[in-house]
Amino acid sequence: MTEQKQLVVIVTRGCDDERASVAWSVANGGIASGYKVTMFLVSAGADWARKGAAEHARPNPLDPPVTEMMQNVLDHDGAIMVCPPCAKVRGYEPENLIPGAELAGSTAMLGVVSEGASTLTF
């Protein structure tokens with residue numbers, strides 16, 4: 001039995017930057033290609049995990065809604081990790097995050113990388 005390929009997508013841009021919505025699109029392409037996807041949200045990227053924020057994002061109009069792409073990551077056994085200091089500086093507590101998102105630092109993300117995950121940064 002072969003191990004499932006893994007992909008870590010690091011998102012540094014917030015909901016007002018189309019490049020960040022591209023990260024969600026690429027992550028979903030990874031899922032469609034058989035990857036288990038981990039999203040690591042840092043800096044302004046942490047905003048994606050705040051309840052309601054993605055609903056007001058400026059995505060590429062040809063992509064599905066970002067909320068659907070985010071849910072697809074979770075529905076396919078993926079993870080949405082939010083940098084704890086990045087969340088804290090924005091005043092986000094766990095209850096402010098969408099269901100399924102978790103506060104997890106670089107050590108957790110690097111654990112996935114140490115298992116052989118490919119990484120992309122947006």
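Leaving aside residues up to four places away in sequence, M39 touches V9, V11, A23, W24, A27, V73, A79, I80 and M81, where a contact means heavy atoms within 4.5 Å. The model is a predicted one, with local features needing pLDDT of at least 70 and side-chain atom pairs counting only at pLDDT 80 or more, while totals for chains, interfaces and linings use all residues. Residues are numbered from 1 along each chain as its sequence is written, and side-chain values use heavy atoms, with hydrogens and water left out.

M39 also turns up in the largest nonpolar core, which has 41 residues; W24, M39, L41, W48 and I80 touch the most other members. Such a core is a set of buried Ala, Val, Leu, Ile, Met, Phe, Trp, Tyr and Cys residues joined through side-chain atoms within 4.5 Å. Two or more residues each come from β1 (6-11), α1 (18-32), β2 (36-41), α2 (66-75), β3 (79-82), α3 (84-89) and α4 (106-114). Helices (H or I, at least four residues) and strands (E, at least two) are DSSP runs, numbered from the N terminus.

Now for the sheet. Five strands form an open sheet in the order β4-β3-β2-β1-β5, with parallel pairing; two strands pair if DSSP finds at least two bridges between them. β4 (101-103) and β5 (118-121) sit at the edges with a single partner strand each, so one side of each has no neighbour in the sheet. On average, neighbouring strands are turned by 25 degrees against each other, direction ignored.

What about β1? Six of its six residues are buried, that is, under 20% relative accessible area, against over 50% for exposed and in between for partly exposed (1.4 Å probe, protein chains only). Q6, V8 and I10 point one way from β1, while L7, V9 and V11 point the other way. Six bridges join β1 to β2 in parallel, with L7 opposite V37 and V9 opposite M39. β1 pairs with β5 over four bridges, also parallel, and there V9 stands opposite L120.

From β1 the chain crosses through α1 to β2, a right-handed β-α-β crossover: with the strands pointing away from the viewer, the path from the first strand over the helix to the second runs clockwise. As for the other helix on these strands, α2 lies across β2 and β3, at about 110 degrees to β3. Axes here are lines fitted to C-alpha atoms, for helices over the stretch in contact, and angles run from 0 to 180 degrees between N-to-C directions.
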